[in-house]
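Visitor: Please take me into the packing of this model. I want one part at close range, with the cut-offs stated.

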Amino acid sequence: MLLEQLRQEIKERKKNQKGILQAIDDYCRDAYGVPNFSEIIQEKFPDNSRFGLCLARQIPNANIEHLAHVIVADWVSKNGIPSQAVPMAFTRDCFSGRNPLKKSYVQIPFLKRGRKGLCSLVQEIVHPEQRGSLDGMILHAIKTTENTPITEYHLELRRQAGLEEVEVDLSDFFLQCLDYCLAGNGKKPEFVFVEEGEKEKRMSTKKLNGHKICRPPADWFYDLYLMLFVDGQRALLSTVDDDDNVSGWFRKAIQKIEKITGFLPLIIDTPKGVTTRNQTKSGEAAPNFSSELLEIPGWVFQITDWKTKIQTQNLASSVFEAMNLFEEKLIELS
C-alpha cells in the first residue's frame, strides 16, 4: 500500500467512523450477542491519538519482523501519518512443531556472522521436562530452562531491545466476546478448545460444564478480529499466507465486513521473507542469505539506540517496500 493511499483510506474511514462503528455494533450484537463492541475495542486500544500499525503474532518477540515493525511505524510518522507500532499477542494458542514461527519461540534462531557468512545459531530454551511433548501445549504454559514462561522470556528480550510493551493479548478479547455469546443468543461455535492440564482439548460447546475455555476456533472469531481494522484508527500488517484455511477465513470475513460497513478491513501486505547480500566476518562475499524473518539479530542488544543505524528517509513509497528495506538492513548489519 502506498503512503498516499493509506492517508486517503484513513481520512475516508474517519469521515464515516460513526456509521462504521454503529454498523459493527449492530452486527456484533445481533449475530454474536456481543453488546457495545466498539466500547470493548476502546478498552483494548485506549490510545487513539496515533494511527495503530498492528502486528499480530502469538508471542511478540525481538525477531527481524518485529524490529522492522517499530521502524516502519517511525517511518510512517515521519511521512506525515502520526503512527505507533502495536504488537498484539495470542498466548492461548497451542504449540505445533510443524509451524516455523511457533518453533522459533522455543528454539530461537539468533543471527550470527561467521567465517562462512550469516547463519542462525539455534538456542533451545524449553525446560528439559517439557521437551518432546510440546505439540498441543498452550503457549503460555511452556516453561524455559529457568522455569519461567516462554512468553515472559520473549517479553524480556523485547525490553532489552527497547521495543514497545505488549498491551494487547487477543486471547482476552476473543474470550470476552465468546463469554457474551455463550451467555446469550449469539452465533455459538460448534466447539471450543478447553484446558486439560498444560494442553488444549477440543470440546463441543454443548458439553461444557465448568471447563476452563482456552480459545474459540479460528473460523468463529475472524469476523470479530478483522472488525478491529475498519474505522480508520488502526491497520493490520499481514504477510501473504500460504495456509488455505487462513486465506479462506480472511476472504469470508473481508467480504462480510464490506457488506456490513461498506469498507474493507484495512490490511497492509508485508514481506513473508527477504533475501539479502551476504559476506563473511572477514568481508569476503558469500552466498545470499534467505530469511523468513524469524531470526533475532544479537547486535540490537549491544547498541543503546540501534534504530539510528537504519536510514529511514526517502527510501520507499509503500509500506511493503519500506518493511522489505528495513528487514534487509537489520540482517546485513549483523
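Guide: S238 is buried, at a relative accessible area of 14%. Buried means under 20%, exposed over 50%, and partly exposed in between (1.4 Å probe, protein chains only). The model is predicted, so local features need pLDDT of at least 70, side-chain atom pairs count only at pLDDT 80 or more, and totals for chains, interfaces and linings use all residues. Residues are numbered from 1 along each chain as its sequence is written, and side-chain values use heavy atoms, with hydrogens and water left out.

S238 sits in strand β9. Strands (E, at least two residues) and helices (H or I, at least four) are DSSP runs, numbered from the N terminus. Setting aside residues up to four places away in sequence, S238 touches F250, I267, I268, D269 and T270. Contact here means heavy atoms within 4.5 Å.

Now the cores. A nonpolar core is a set of buried Ala, Val, Leu, Ile, Met, Phe, Trp, Tyr and Cys residues joined through side-chain atoms within 4.5 Å. The largest has 60 residues, and V72, W75, I142, W306 and L330 touch the most other members. Strand β9 (234-239) is among the elements that give two or more residues to this core. Helix α4 gives the most, with 9 residues. A second, separate core holds 46 residues, including I267, which is also one of the contacts of S238.

Rings of Phe, Tyr and Trp (its six-membered ring) pair if their centres lie within 6.5 Å; planes under 30 degrees apart are stacked, over 60 edge-to-face, and the rest tilted. The whole structure has 16 aromatic pairs. One is F173 with F174: tilted, 5.4 Å centre to centre, 45 degrees between the planes. Both residues are buried. Y222 and W249 also form a tilted pair, at 5.6 Å and 40 degrees. Y222 lies in helix α8 (residues 218-226) and W249 in helix α9 (residues 244-261), so the pair ties together parts 27 residues apart in sequence. Y222 is buried at 11% relative accessible area. W249 is partly exposed at 26%. Ring pairs link F250 into a cluster with F37, F90, F173, F174, F221, Y222, Y225, F229 and W249.

Last, a charge. The charged end of R234 sits over the ring of F45, 4.3 Å from its centre. The test is NZ of Lys or CZ of Arg within 6 Å of the ring centre and within 35 degrees of the ring normal.
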